[in-house]
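Subject: Structure handover

Hello,

The structure is pasted below, followed by notes on what was found in it. Please read the two side by side.

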Amino acid sequence: MSPSGSDRQDSSIATPRGDEWSDCLLAIARSADRAAFTRLFRHFAPLIKGFALAGSRLSANHADELVQEVMIKVWQKAAAFDPNKAAASTWIYTIARNCRTDLFRRLQKFDTPLAAEDVAPDGADEEPFEQIQSRRNGQRVRELMAGLPVDQAQILAKVYMEGKSHAEAAAELDLPLGTVKSRVRLALQKLQIQMTA
Amino acid sequence: MPHYHPDIDFLTAHVAGTLPLAQSACVAAHLNYCHECRRTVSGLQEVGAALFERVAPEVVSEQLLDMTLARLDEEPPLHFARQQAAGEKTPAILQRLMNGDFADLVWKKVTRKLAISYLRTGDPGHEFALYHIRAGGRIPLHDHCGDEITLVLQGGFSDADGDYHAGDFLFRRSGEEHAPTALQSEDCICLGVLDAPLRFRGWAHRWMNPFVQLRPG
């Protein structure tokens, strides 16, 4: 967190670069561009399907259903995407996560007035300064992720990708709950996530 | 600015989508008041996104692409009003669950100073309720068979450990006991999420225990 370290990154992130996936989303928002949608689909659909199958709680059919549902949401909501706030992949990830949570709940016949999106929206408005900060964090997290020890990366993947609770992760890896919690914390510290408590 | 926050385990589970719905709704309500936790959550979201980018991809058929493309005409892009910035007003998630304001709810009187209103989240394992404590009023000493989250929404209360104000998020583990008292100056409204019923401790209030059943859902 040295000032010189963050200064170095300022110029490249203060104005979002026109990256390919953001451009696709903007083209969909502007002109319902189906070619742009197809490009996004070819890149993200396999990731969404991988994410769907990671917890091995969904069948291949449900995974395909999730892919369709997420990609149609992406199409419908493209106008709400703001490249100043988040990378395209972050925005699509939050949509995929929420759709997966809703699908799990539907399959469990969970009767709730709330959609996952009501509980964890895909992005609340923050001050412009915060937006820059959050894009910078995003880039730093991706850089630091490569340096995580295997055991810590493994736990994070269990929690985020497989959707396991800390307790479920502990049972699967045959580790005490405390060990799982401290590995998650250590990993998040290495990724420089600020913790208030 | 709240002084008591959900810990990083809560925030991580909230972001990963693994926290039980009622608890997650309570974290979401805290975020409405807490700039710092919003920043943490945004960082945790980036962690999720970075993992998502590296997930092992699975083959998706051309047929699925064609089916999806065929559906696009029925699902025209939506236009959005800008989301409102989070602020200190009643959290959006609660406005949604209440279908209105605190005054519109059905409040069940428990004592002269305490009334409870149960809200339906659909979470089968947790009760989600609002507590209205009159200024200076006290909730009888109780402990919990399970875990309790309390989020102060209006006014404030104190117990042996401190004073709590709007936005403060408190987590008590099973077995810890306390007797919260609303501040003298104004009524206090808080949100409580329980996974097991309260147990009143003092002899004067023990008779109430059979009446205090958990109402999840």
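B:S158 stands opposite B:T181 in strand 9 of chain B. Strand 9 pairs with strand 6 (residues 156-159) of chain B in the antiparallel sense, over two bridges; strands count as paired if DSSP finds at least two bridges between them. The open sheet here has three strands in the order 7-6-9 (chain B), with antiparallel pairing. Its edge strands, each pairing on one side only, are strand 7 (162-165) and strand 9 (181-182) of chain B.

This is a predicted model, in which local features need pLDDT of at least 70 and side-chain atom pairs pLDDT 80 or more, while totals for chains, interfaces and linings use all residues. Residues are numbered from 1 along each chain as its sequence is written, with chains lettered from A and ligands numbered from 1 in the order in which they are written. Helices (H or I, at least four residues) and strands (E, at least two) are DSSP runs, numbered from the N terminus.

Helix 4 (residues 60-77) of chain A has 18 residues and should span 26 Å at 1.5 Å a residue; its end C-alpha atoms are 25 Å apart, which agrees. The expected span is 1.5 Å times one less than the number of residues. Among its buried residues are A:L66, A:V70 and A:W75 (buried: 20 or more other C-beta atoms within 10 Å of the residue's own, C-beta atoms being placed from the backbone). Their cover includes helix 4 (62-72) of chain B.

Between the chains, 61 residues of chain B are in contact with 69 residues of chain A (contact: C-beta atoms, placed from the backbone, within 7 Å). Helix 3 of chain B gives the largest share of chain B's side, 17 residues.

Regards

Key
A residue is buried if 20 or more other C-beta atoms lie within 10 Å of its own, exposed if 12 or fewer, and partly exposed in between; C-beta atoms are placed from the backbone. Two residues are in contact if their C-beta atoms, placed from the backbone, lie within 7 Å.
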